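Open the model in your viewer and keep the selection tool ready. We will go from stop to stop.

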Amino acid sequence: MIGSAPVAGDRTGGRRAWVAAACAVGAAAGLGSAWGILAGDLRLGGGVAAVAGAALVAGRALSDGDVRARLFVSLADRLVDGAMLGAVAWWAREREPAAAA
């Protein structure tokens with residue numbers, strides 16, 4: 001309840017901060033990966049995509065049992081998926097139009 005004293009043993013606040021940080025790193029890395037793919041540097045895009053994946057996996061592991069934290073990780077994961085898959089489709093569209101369809 002708003003304004004009530006904190007419950008003893010409630011440690012979701014600290015955990016949520018770590019989940020939020022992992023999701024922020026994952027989202028930033030996912031956008032960086034999309035940028036690398038669109039710029040034509042596939043090695044950079046792939047490496048940064050691995051960082052994004054590791055950060056989101058860490059965020060999911062830290063969100064153990066916290067519904068709000070899991071929702072935040074899920075939303076960050078969808079952002080990363082959309083950015084990277086969109087970039088891959090755009091990149092493939094120029095080289096193989098049938099593959100991007």
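Begin with Arg16. At 32% relative accessibility, Arg16 counts as partly exposed. The scale runs like this: buried means under 20% relative accessible area, exposed means over 50%, and partly exposed is in between (1.4 Å probe, protein chains only).

A word on what you are looking at. This is a predicted model, in which local features need pLDDT of at least 70, side-chain atom pairs count only at pLDDT 80 or more, and totals for chains, interfaces and linings use all residues. Residues are numbered from 1 along each chain as its sequence is written, and side-chain values use heavy atoms, with hydrogens and water left out.

**Stop 1: Arg16 and its partner**

Which bond-like pairing do Arg16 and Asp66 form? They form a salt bridge, with the closest N and O atoms 2.7 Å apart. The term means a side-chain nitrogen of Lys or Arg within 4 Å of a carboxyl oxygen of Asp or Glu. Arg16 lies in helix 1 (residues 12-38) and Asp66 in the loop between helix 2 and helix 3, so the pair ties together parts that are 50 residues apart in sequence. Helices here are DSSP runs (H or I, at least four residues), numbered from the N terminus.

Now colour the neighbours of that loop. Helix 2 covers 42-62 and helix 3 covers 67-95, with Asp66 in the loop between them. Is Asp66 buried or exposed? Asp66 is buried, with a relative accessible area of 8%.

**Stop 2: the other salt bridge**

A search of the whole structure finds two salt bridges. For the second stop, select Glu94 and Arg95. Their side chains meet in a salt bridge at 3.2 Å, N to O. Check the surface here. Glu94 is exposed, at 55% relative accessible area. Arg95 counts as partly exposed, at 47%.

**Stop 3: Trp18**

Go back to helix 1 and pick Trp18, which lies there. How exposed is Trp18? Its relative accessible area is 61%, and Trp18 counts as exposed.

**Stop 4: a charge over a ring**

Finish with Trp90 and Arg93. Arg93 lies over the face of Trp90, at 4.5 Å from the ring centre. To count, NZ of Lys or CZ of Arg must be within 6 Å of the ring centre and within 35 degrees of the ring normal.

Key. Helix = DSSP H or I, 4+ residues; strand = E, 2+ residues; numbered from the N terminus.
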